[in-house]
Amino acid sequence: MKTVSVIIPLYNEQDSLKELYSQIQKSVSIYDYEIIFIDDGSNDKSWEILKIISDENYRVQLIKFYNNFGKSDALQQGFKLAKNDYIITLDADLQDDPNEIPKLIEKIDEGWDVVSGWKKNRKDPINKTLPSKIFNIVTSFFIGLNLHDYNCGLKCYRKKVTKSIKLYGGLHRYIPAICSQKGYKIT
């Protein structure tokens with residue numbers, strides 16, 4: 001049976017957590033799985049909701065930061081804790097579809113080391129989407145790795161990849177570039 005670790009960094013996502021958890025659980029129920037939530041210093045009710053979820057499911061692990069350190073630090077802690085062969089990351093705001101998880105795993109099984117998602121129908125305002133498009137074009141040009149959406153939180157990795165990279169600051173935006181420079185196969 002395939003083993004899957006799902007890592008979700010979050011900050012003040014109390015309104016989406018129950019629905020997100022329900023969708024993830026349905027999507028990964030065919031695998032031996034764990035779900036790791038990293039609360040990056042939320043000051044809403046996110047932690048209380050996560051505690052209820054983890055009390056109901058022994059496969060749910062929680063990490064709580066007492067300050068907001070950022071997505072890179074949250075992902076790094078999740079990578080350290082994850083023990084399964086396939087590592088999935090996704091954002092907690094419901095813009096990443098957990099139903100895509102089996103498709104990401106199928107793609108990895110074709111021989112890839114990293115499969116990067118793509119937010120086609122992004123729900124953010126133009127002051128976020130336009131800079132993101134420019135970032136993707138410029139990064140693709142300089143790195144030589146053509147991806148539609150470097151910064152999409154939905155990704156699948158082989159465990160060896162997550163154990164070989166170190167994230168801090170804003171490096172989460174460059175994970176595909178870092179992996180490419182290390183020689184991993186990315187799509």
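Modeller: Gladly! Let's begin with pairing: two strands count as paired if DSSP finds at least two bridges between them. Keep in mind that this is a predicted model.

Colleague: How do you know that S1 and S2 pair?

Modeller: They share 8 bridges, in the parallel sense, and the cut-off is at least two, so they count as paired. Within this pairing, Ile7 faces Ile36 in S2. The chain gets from S1 to S2 by way of H1, a β-α-β crossover that is right-handed.

Colleague: What makes S1 and S4 a pair?

Modeller: The same test: 4 bridges join S1 to strand S4 (residues 86–89), and at least two are needed, so this is a pair as well. The two strands run parallel, and Ser5 sits opposite Ile87 in S4.

Colleague: Why is S1 called mostly covered?

Modeller: Buried means under 20% relative accessible area, and 8 of the 8 residues in S1 are buried. That holds for both faces: Thr3, Ser5, Ile7 and Pro9 on one side, Val4, Val6, Ile8 and Leu10 on the other.

Colleague: And H2, what puts its buried residues on the same side?

Modeller: The buried ones are Ser46, Ile49, Leu50, Ile53 and Ser54. They lie on the same side of H2 because their arc around the axis is only 135 degrees. On the other side, Ile52, Asp55 and Glu56 are exposed, meaning over 50% relative accessible area.

Colleague: Which elements do the buried residues of H2 pack against?

Modeller: Their partners are strands S1, S2 and S3, together with helix H1.

Note on methods:
Residues numbered from 1 in each chain as written. Predicted model: local features only at pLDDT ≥ 70, side-chain atom pairs only at ≥ 80, totals over all residues. Heavy atoms only, no water. Buried < 20%, exposed > 50% of the residue type's maximum accessible area, 1.4 Å probe, protein only. Arc of directions from axis to C-beta. Contact = heavy atoms within 4.5 Å. Right-handed = clockwise from strand over helix to strand, strands pointing away.
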